[in-house]
Amino acid sequence: MKRFCTILLFLATAFSGAAQMVTLNGYIIDKASGEALIAANCYFPEISTGVISNSYGFYSITVPKGTYNVIFSYIGYETQELRIELNENRQLTILMVEESKQIEEVTVSGKQKDRNIESIDMSMEKVSVKLVKKLPAFMGEVDVLKAITLLPGIQSGGEGSSGLYVRGGGPDENLLVLDEAPVYNASHLLGFFSVFNSDAIKDIQVYKGGIPAKYGGKASSVVDIRMKDGNTNEFHGNAGIGNISSRLTLEGPVVKDKWSYIISGRRTYADFIGRLAGIEALQKNKLYFYDLNLKTNIRFSNNDHVFISGYTGDDYFKLGESIYMRWGNITGTLRWNHIFGSKLFFNTSLIYSKYDYKLGVPGNSADQFEWNSQIKDFNIKEDFSWFLNSNNKVNFGINLILHHFEPGNVTTGESSFYKDITLTNYNALENAVYASNEQKAGSRLVIRYGFRLSHFQQIGEGKVREYLHPDAPESEEVISVKEYGKGEWIDDPYINLEPRLSARYSLNRVSSIKASYNRMVQNLHLISNTNSPTPLDIWLPTSKYIKPLIADQVALGYFRNFKNNAIETSVEVYYKGMQNVIDYKDGAELFLNEDLETELLHGKGYSYGLEVLAKKQEGRITGWVSYTLAKTMRKIPGINGGEAYPSSYDRTHDVSLVLNYELSKRFTLSATWLYATGNPVTYPIAKYYVQGNTLYHYAKRNSNRIPDYHRLDFSVTYNPKKNEHRKTRQTLNLSFYNVYARRNAYSVTFRQNEDNPRVSEAIRLSIIGSIVPAITYNFNF
C-alpha cells in the first residue's frame, strides 16, 4: 500500500500542471471526399509545437490554456490558419480543400513540405498515388510495387517479378499489408503486375529501417498500403480501358457524412477477346487475372468509427488439356476506432488472410493430378495511441496470430499413374506486445524508443521427425516420428526482444541528422530456390530445425532541403547483420519433399550500403534521382567451403531517374530510366565426359554475374479540355516500355553446341527484348 501511495504521489507531482493544460483533437479530412488525410500537420507557431495526424486522420495535442493561431497544412491542399480559444478541451474536425494551382506550381507528393526534415522517420518514404499514376507503366497497368523499386535501397527481382530486395533482404522478408492484412504473394501474371489496384489505394508508406515497434514479423521492410475509405459526400466513379485490362471504381455515401462505400474491380481480357475474335491459340487456352477491392466505413459518432474492407484476386492459366495453374489471395479486415477522453485513440482489428494455389493436369489421362497448397492467418490486433502531452506520444498494443500451413496435397484420379501425397500440415501461434514513446527533448532533438516482444510457438495437430544428428539432419537418418494432438505445444517457444530506437536532431530549419537501430525477427520462411517469388513457393514456420531469422540494422542519415523545401536531398548509410540465414544445399530437392529441413543450411549474413536521393516536388519539372551502393554477403557452413559469398540479392550499383514534365495544361511527359548491376549466379568453369555424358564443374557460389540491367520507359498523358457542363474528366495515356529494346538477361544457361559438342555456349533468356507500347483511356465521373 505504501508503494502504491508513493507511485500516486510521484504521478501527482509529475502532472501537477495538468490542470492548466487543455487538449485540442479531432480529424483532418478532405472536404470533397471525406477521406482522412494521413500525416497532415497541426502547428501552434506561438509555442513552436505541433502534431501530425495518424493513419485515420486523427490528431490530438495538449497545450497551456490560451488563445492561439493554429495552422493546419497538407501539401496539395490550402493551408488553414484559425484563431482558436482554448480554455477547455475541444474537438475540432478540419475540412481541407485541394489547391487550384497554376501549372508552374504543380506539386507531386502528399505530405508536409518539410516533413523529411522535421519527422523522426528515416529510411521511410511516403509514396504518392497521384505520382505513381503519372509514371510510364508496362502495358499501361499502373503498378505501385514497380514504383517503389525506383526508390533507393529497394530493388526489383527482375523482369517479370514483383519481388522486392530491400537492403540485402530476400523477397520473403518484406511485410506487405493491405489495410493491415498481410499479402503473401503480390504478383499477377507471374510477376509482371502486382495485386494492388492503384484506383483503390489512398496511401503507401515504405519502411526500410527505423521501423516502428507496431510492425513485426518480417526482417527487412514494411510496405503499409491503405485503401480508400469511399466518398462520404457524393457518388463518384472512375474507369480505365487499356491494352490488356479494364478497371472500374465506384464510391459514394450510403448516409451522407456518416456511411460510405467503395468498390473497385480490375480484369484482363486478352483471352476473352481472343476467343471472340476466333484466334485459334486462345480457343482452348486461358490466361487472365482479376482483382476486387471492397470497403465500407461507418461513423457512429465523433468517437466511434467502423471500417470493413476486403480483397480477393486470382490468376488462372490453362494450356489446353496439358496443364493448369490457379493462385490467389483473399484478405478481410474489420476495424473499430474509439477515442477515450481527448488523448487516447484506440483501434481493434480482426484480420483474415489466405494465399493458395493449385497446379495440375486436367482430364482423366494417365498423368492427371492436382496439387494444392495454402497459408492462412487469423489475426487480432489492439493498438493504442496516447497523446500524452505536446512532448510525448505513446504507442502500445498487442498482436495475436494463428497461422495454418498446408505445404502440399496431391490428389489423383483412378486412371492416373501418380499417387496421392499429403505433406505434413503445420500450425503456429505468433504473439507480440509492443510499446514506444516519441519524445521531444528540447527544440532540436526528438527520440523514439521502444520495444517489441515476440513469442512464436508451433502447435499441433502435427508431427515432427527426430534425426540422429538434430543439428545437421539428413533424410536417411530419421530415428522416429513424434505426433502431437490438436493445440498441443510442439517443443519450446521462441521468445525474442526486439529493441527499436530512432533519433532526429535539427541542425537548422532546412537540415537535420537522423539515426536509428532496430531488431527484426522473422518466423515465417519462404522455401524457394529461385530469386523471385513464384506462385508455387512454399511457406514454413520456425520450428525445431528452422530457426527464426534475426536482423539487426543501424542507420545514419543527413537530410537537407533547398529552395523553400522544393528540393529534398538525403544521404543514408546502413549496416545490417543477420543471424540464422537460410540457404540451400547444392542440388537441393524442394518439390513435395516431406523432409525439407534436411535440404536447408543456416548461417550468418550482412549487408551495408550508401543511399542517395534528390527529389524535386514542385514546378513544371518534378521527379527524383536515386543511387544505391551496396554489398550483401552470406557465410554459411557447408557452402563455398565456409567462405563468405555474395547473396543472390546482392546488387552493387542501382540507379533510378524519374522525370515528370508538365508541358502544358493538356500534356504531361514522363520518363524513367533504371540501371542495376546484374544478379550473382554460378557458372560452370570445367566439364568432364563420363561414359558419353557431359558433367559440369561449377565455380564458387555466386562468383559470377549476369549482364547489367538497364531500361528506359516513356509516356505521354493527354488531358482534354473539360466541359464545364459535365462532371466527366478524361485522360489518354500512351506509354512505351523498354524504349531502346534492351534484351535484359533474366538468366544465362549453358549448353553444348550442336555442331561441336565439345564447345559450350551461353544462352541468354530475356523475358522482354523489344519495345512494348500501350494506350490507356481513363475517365472520371
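**Entry 1: Ser123**

I started at Ser123, which lies in the loop between helix H2 (115-118) and strand E9. I was working with a predicted model, so I kept that in mind on every page. Ser123 has a positive phi of about 55°, although it is not a glycine. Is Ser123 buried or exposed? Its relative accessibility is 1%, so Ser123 counts as buried.

**Entry 2: Ala741**

Next I looked up Ala741, in the loop between strand E48 (729-737) and strand E49 (747-752). Its phi is near 55°, again a positive value in a residue other than glycine. Ala741 has 33% relative accessibility, so I noted it as partly exposed.

I then checked the link between Gly460 and Glu461, and found a cis peptide bond with omega of about 20°. Glu461 lies in the loop between strand E29 (445-459) and strand E30 (462-467). My reminder for this page: most peptide bonds are trans.

**Entry 3: how confident is the model?**

I looked up the pLDDT before going on. The average for the protein is 88, and 93% of the residues score at least 70. Over residues 103-111 the pLDDT is below 50, yet this stretch has 38 contacts in the model beyond near neighbours in sequence. Residues 4-19 also stay under 50, and there the model has two contacts beyond four places in sequence. I put a pencil mark beside both stretches.

Leu176 stands opposite Val223 in E17.

**Entry 4: the largest nonpolar core**

Val223 turned up again when I looked for the largest nonpolar core, which has 32 residues. Val223 is among those with the most contacts inside this core, along with Ile148, Phe196, Ile204 and Ile225. Helices H3 (129-134) and H4 (144-148) and strands E11 (164-166), E12, E16 (201-207) and E17 each supply at least two residues. H4 gives the most, with four.

Which residues does Phe196 contact, leaving aside neighbours within four places in sequence? The list is Val144, Leu145, Leu178, Val183, Ala186, Ile201, Ile225 and Arg266.

My last stop was strand E41 (residues 653-662). Its covered face holds Asp654, Ser656, Val658, Asn660 and Glu662. The uncovered face holds His653, Val655, Leu657, Leu659 and Tyr661. I could follow the every-other-residue pattern because in a regular strand the side chains alternate between the two faces of the sheet.

E41 runs antiparallel to strand E39 (residues 621-635), and nine bridges join them. Here His653 is the bridge partner of Leu629. E41 also pairs with strand E42 (residues 667-676), in the antiparallel sense and over nine bridges. In that pair, Leu657 stands opposite Trp673. A hairpin of four residues joins E41 to E42.

Key. Residues numbered from 1 in each chain as written. Predicted model: local features only at pLDDT ≥ 70, side-chain atom pairs only at ≥ 80, totals over all residues. Heavy atoms only, no water. Buried < 20%, exposed > 50% of the residue type's maximum accessible area, 1.4 Å probe, protein only. Pairing = 2+ DSSP bridges. pLDDT = per-residue confidence, 0-100. Contact = heavy atoms within 4.5 Å. Core = buried A, V, L, I, M, F, W, Y, C linked by side-chain atoms within 4.5 Å.
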